[in-house]
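I opened my notebook to look up how this chain is put together. My notes follow in the order I took them.

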Amino acid sequence: MLSYALVACLSVLVAVLFLPPDWSVDLGKESQKLRLLSRSDLSLYNGEKGSRGLYLAILGQVFDVHKGHKHYGPGGAYQSMAGKDASLAFITGDFTEKGLIDDVSSLSPLQVVALYDWLAFYHRQYQHVGLLVGRYYNETGQPTKALLEVEALLAEGQRLKAQAEIEKVHFPACNSEWSAGRGGRVWCSTKSGGVIRDWTGLPRKLFSPVSGYVQCVCIKDPSTAEEDPSLQEYDGCRSDADSCMVGEDQVSGAVTKNRPMPSD
Ligand code: HEM
């Protein structure tokens, strides 16, 4: 078990230390090409008839999205994101005027990680053409305090994600099912939780500080679990059983994902 955790820790560490993030702005390298735009400059690139083009900004980084005209152009589902920085809406899905804003201080660390996934998506799919002067970059194109604060949340979110990854390998999730006739059941298998392993494990309730949920996990060694107060046996289930009948409210408990869909 320790070796799994070690491998997970090391891979996260290697990723964090050695791979350059695919959303970072290298001002030294790019400043020649990157334009500084004001909010009103950017609004001229909303794709409407007579506009100068089709741009959008996310966390103050401006992208030319004309090749995604069907999404962001007139009549496109995401037209309301064009010509502005609507970073918050990427996570909330609130495309009203109130939601189409660049202030993301209301987001949790894990939501900020999801927002950076979108930023990385735009770097991969579209041309990065400029920086929006305002909340995240100042008049000389330097990051503002607000950006540093978002980056601190990103670091915290990445730490939580890494912790969740370790938790997942250490305590793989159970399989679960529910039917009106038989009720609920949770059980462990050598593949449950998507962690392929050479042990099956026994179901226990785990309170996860990362997700804030109680979820069913498979534990390898019941004696160490007895010492861990965050792990509990299921009522009415033998401590050495690999399958437990449970109430409907205890069947689900998977961690909800908050990332919508940047995938390419
Ligand atoms: C937080 C909520 C959401 C946000 C912020 C969001 C944002 C976006 C954006 C920005 C694009 C364009 C990506 C590009 O440039 O290629 C897109 C595409 C798309 N979205 Fe969403 N979306 C959301 C929810 C949804 C939901 C709920 C559905 C489906 C029910 C959906 C279906 C699609 C589809 C089908 C595409 C087109 C994919 C393609 O043609 O490549 N989106 N979304």
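**Hairpin and its neighbour**

I started with the hairpin of strand 2 and strand 3, where 2 residues lie between the strands and Leu-59 takes a positive phi near 50 degrees. I keep in mind that this is a predicted model.

I then looked up the pairing on either side of that turn. Strand 2 covers residues 55-58 and strand 3 covers residues 61-64; they are antiparallel and share 4 bridges.

Next I followed strand 3 to another partner. Strand 4, residues 127-132, pairs with strand 3 over 4 bridges, also in the antiparallel sense.

I moved on to strands 7, 8 and 9. These 3 strands form an open sheet in the order 8-7-9, with antiparallel pairing. Strand 8 (214-219) and strand 9 (231-232) are the edge strands, each pairing on one side only. Strand 7, residues 202-207, is joined to strand 8 by 6 bridges. I noted that Pro-203 stands opposite Cys-218 of strand 8. As a reminder to myself, strands of a sheet pair through backbone hydrogen bonds.

**Two helices crossing**

At what angle do helix 6 and helix 7 pack? I found about 100 degrees, with the axes 7 Å apart; helix 6 spans residues 109-125 and helix 7 spans residues 145-170. Helix 6 is therefore roughly perpendicular to helix 7.

I listed who makes the contact. From helix 6 come Pro-109, Leu-110, Val-112, Val-113 and Tyr-116. Helix 7 contributes residues including Val-150, Leu-153, Leu-154, Gly-157 and Lys-161. By class, the contact holds 9 nonpolar, 2 polar and 2 charged residues.

**Cores**

Which residues have the most contacts inside the largest nonpolar core? I wrote down Tyr-55, Leu-56, Val-62, Val-112, Leu-115 and Leu-132, in a core of 36 residues. The elements giving two or more residues to this core are strand 2, strand 3, helix 5 (87-92), helix 6, strand 4 and helix 7. Helix 6 gives the most, with 7 residues.

I checked Val-112 on its own. Beyond its neighbours within four places in sequence, Val-112 is in contact with Val-104, Leu-107, Val-150, Leu-153, Leu-154 and Gly-157.

My last entry is a second, separate core of 16 residues. Among them are Phe-171, Cys-174, Cys-188 and Val-217.

Conventions
Residues are numbered from 1 along each chain as its sequence is written. This is a predicted model: local features need pLDDT of at least 70, side-chain atom pairs count only at pLDDT 80 or more; totals for chains, interfaces and linings use all residues. Two strands pair if DSSP finds at least two bridges between them. Axes are lines fitted to C-alpha atoms, for helices over the stretch in contact, and angles run from 0 to 180 degrees between N-to-C directions. Angles under 35 degrees count as roughly parallel, over 145 as roughly antiparallel, 65 to 115 as roughly perpendicular and the rest as oblique. Two residues are in contact if their C-beta atoms, placed from the backbone, lie within 7 Å. Ala, Val, Leu, Ile, Met, Phe, Trp, Tyr, Cys and Pro count as nonpolar, Asp, Glu, Lys and Arg as charged, and the others, Gly among them, as polar. A nonpolar core is a set of buried Ala, Val, Leu, Ile, Met, Phe, Trp, Tyr and Cys residues joined through C-beta atoms within 7 Å. A residue is buried if 20 or more other C-beta atoms lie within 10 Å of its own, exposed if 12 or fewer, and partly exposed in between; C-beta atoms are placed from the backbone.
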